[in-house]
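Here is a short briefing to read with the model open beside you.

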Amino acid sequence: MPTLNQLIRHGREEKRRMDRTRASDQCPQKQGLRPRVPTRTPRKPNSAPRKIAKVRLSNRHDIFAHIPGEGHHSQEHSIVLVRGGRVKDSPSVKSRCMRGVKDLLGIPDRRKGRSKYGAEKPKLR
């Protein structure tokens with residue numbers, strides 16, 4: 001604990017905030033190339049393997065991004081668009097891939113929440 005005299009001489013130091021969007025350069029989306037597409041098991045109460053992608057962004061940062069939805073046909077070295085949004089049960093995964101943009105296809109037969117998964121509106125007959 002500093003003395004009153006020390007506080008008068010030096011003052012208190014402002015606490016620095018952690019930058020959560022360091023890799024994205026404050027951009028809403030960022031394009032990147034995928035060197036590999038592994039799966040990873042989540043934190044303790046959950047157990048289903050999560051599909052993640054290591055993405056090298058256009059500004060040369062390497063990040064892990066989650067591939068949302070059921071199934072994907074993406075290979076290594078395909079181009080994806082990455083947005084923010086962490087995955088709660090996967091440590092160190094702080095962004096998500098956008099489906100239906102660039103090389104990552106949307107989910108074809110999805111009915112609800114289609115905008116997040118790149119699915120088109122079903123045709124009415």
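This is a predicted model: local features need pLDDT of at least 70, side-chain atom pairs count only at pLDDT 80 or more; totals for chains, interfaces and linings use all residues.

The protein has one helix and six strands, and their order along the sequence is α-β-β-β-β-β-β.

- Lys88 counts as exposed because its relative accessibility is 66%, and the cut-off for exposed is over 50%.

**Salt bridges**
- You will find two salt bridges in the structure.
- One of them joins Asp89 to Arg50, with 2.6 Å between the closest N and O atoms.
- This pair connects distant parts of the chain, as Asp89 lies in the loop between β5 and β6 while Arg50 belongs to strand β3 (residues 50–57), 39 residues apart.
- Asp89 has a relative accessible area of 13%, so it is buried.
- Asp62 and Arg56 also meet through their side chains in a salt bridge, at 3.1 Å from N to O.
- Asp62 is partly exposed at 38% relative accessibility, and Arg56 is partly exposed too, at 34%.

**Overall shape**
- The radius of gyration is 20 Å, whereas a compact globule of 125 residues would have one near 14 Å.
- The C-alpha trace spans about 80 × 35 × 30 Å along its principal axes.
- Of the 125 residues in the protein, 26% are buried.

How values were computed: Residues are numbered from 1 along each chain as its sequence is written. Side-chain values use heavy atoms; hydrogens and water are left out. Buried means under 20% relative accessible area, exposed over 50%, partly exposed in between (1.4 Å probe, protein chains only). Helices (H or I, at least four residues) and strands (E, at least two) are DSSP runs, numbered from the N terminus. The radius of gyration is taken over C-alpha atoms; the globule rule is 2.2 Å times the number of residues to the power 0.38. A salt bridge is a side-chain nitrogen of Lys or Arg within 4 Å of a carboxyl oxygen of Asp or Glu.
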